[in-house]
Structure formats: C-alpha cells, structure tokens
Amino acid sequence: MPKVGMEPKRRAALVDAAIVEIGKAGSLDVTVAQIARRAGMSSGLAHHYFGGKEQMLLAAMRHILGVFTEQVRIGFLSAKTPRERLEALIRANFADHVFDRKKTSAWLSFYAMAQANEDAARLMQIYQRRLQSNLLFDLRHLVANPEAVAAALGALIDGAYLRAALAGQGPDPQAAETVLLTLDALIGDAK
C-alpha cells in the first residue's frame, strides 16, 4: 500500500536529484537510474512519477522557474520606481537560488532540449515572454525604444547563463552588476 503524502516529497526529491545529476554531468547525458539513486529510490518509482528523464527535466525547469517567479514577485513588492523594478527583476535572474553551477547546466540542457521537444519549447516561450513583458512594462516609462532595450537585456541575461554553463566554474558573481550597468547605460538619465 502506498504511503499517503509521499508523492509530493518523492517528486521533489527526484526534481532536486535531476538538477544535481545534470549539473554534475554538464549535460542531459544522465540516466533515470542515476537520478533515482541520488534521490534514494528505484528507477521504477522514478518512472512511475515522471515517465522519463525529459519529464523530470521539465519538472526541474518548472520548479526553477517557480522559485524565480516568487523571487521576482518579492523583489517587486519593495520596488517603488520602474528602475527599481527592473533591478529587482535582473537581480532575481542572478540570485543564488537560480544561478548556481547545477542550475546553469540544467538551463543550458533545457535550451538544447527546447529545440526538439515541444513541451520544453512551450515552457521556454512562456519564460521568454514573461521576461520580455516584465522588462517592457517598466522600460516603457524610461526609454523611447523599450523593445530594443528589452531584447538587449534579455540577450545579456541569456548570455550570462550560457557563459556560466560553458565555463564549468560556476556563475559569475558580477553578472547582475554587469547587466545593471548596461541597463543604466541604455536608459541614461531616465532613472
């Protein structure tokens, strides 16, 4: 008989294990058995909860995005100006809970997966549209060309993740500051 209340705990353990294993490997070249072993359960149970590795990675990315979204929301609560909201959004992208070596490797794997997997592509589009929307909301108050500035900031954020994942040494602790310097250069005196 299944233990009541264990499914959410086991799913969370598998998601965390998937992030760690992908981060350790630096790619999707991990097995369900490795992920399950790290989570302390059988691969059969992992397949029962997720069906396969791709579903685990999608769940891991949803988890990372959920934590990110919550941090953005918290940052927005204390922001009083459009510039402060933009800073909260940028800092949330580079906070420790989403910008560590394991998660940047998961992101890089997720970008690759999104090219061939419809569910991953849809999740990536949601993330990119939400980021673009959040950037545009405040940039419209600060610059005449908000779409171009939002595209540049989005590219800088993605580029910081790409570089961090490819370096294999962990994220750049100055990444947020670099993007904020660029933001200030792009918005000029409009702060």
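Let's start in helix H7, residues 118-139, where Arg122 and Asp119 both sit, three residues apart, or about one turn of the helix. By helix I mean a DSSP run of H or I with at least four residues, strands being E runs of at least two, and the numbering goes from the N terminus. Arg122 makes a salt bridge with Asp119, and their closest N and O atoms are 2.6 Å apart. The term salt bridge here stands for a side-chain nitrogen of Lys or Arg within 4 Å of a carboxyl oxygen of Asp or Glu. Arg122 is partly exposed at 41% relative accessibility, and Asp119 is partly exposed too, at 37%. For those words, buried is under 20% relative accessible area, exposed is over 50%, and partly exposed is in between, with a 1.4 Å probe and protein chains only.

A quick word on what you're looking at. This is a predicted model, so local features need pLDDT of at least 70 and side-chain atom pairs count only at pLDDT 80 or more, while totals for chains, interfaces and linings use all residues. Residues are numbered from 1 along each chain as its sequence is written, and side-chain values use heavy atoms, with hydrogens and water left out.

Arg91 and Glu87 form a salt bridge at 2.8 Å, N to O. Both belong to helix H5, residues 82-93, and they are four residues apart, about one turn of the helix. Arg91 also bridges to Glu177, at 2.7 Å from N to O. That pair ties together distant parts of the chain, 86 residues apart, with Arg91 in helix H5 and Glu177 in helix H9, residues 175-187. As a general point, side chains of opposite charge can pair when their charged atoms come close.

Stepping back to the whole chain, the structure holds 10 salt bridges. There are 23 positive and 19 negative side chains, and the centres of the two sets are 7 Å apart. Lys and Arg count as positive, Asp and Glu as negative, with His and the chain ends not counted; each charge is placed at NZ of Lys, CZ of Arg, CG of Asp or CD of Glu.

And the fold? The chain has nine helices and zero strands. Its C-alpha atoms fill a box of roughly 65 × 35 × 30 Å along the principal axes. Of the 191 residues, 43% count as buried. Among contacts with a separation of 6 or more, 66% come from residues 24 or more positions apart, a contact being heavy atoms within 4.5 Å.

Last stop, the annotations. An unreviewed UniProt entry lists residues 8-68 as "domain: HTH tetR-type". That span is 82% helix and 0% strand, and its end C-alpha atoms lie 20 Å apart. The unreviewed UniProt entry also lists residues 31-50 as "DNA-binding region"; this stretch is 80% helix and 0% strand, with its end C-alpha atoms 13 Å apart. UniProt positions use the numbering I've used here, feature names are shortened, and annotations may be inferred rather than shown by experiment.
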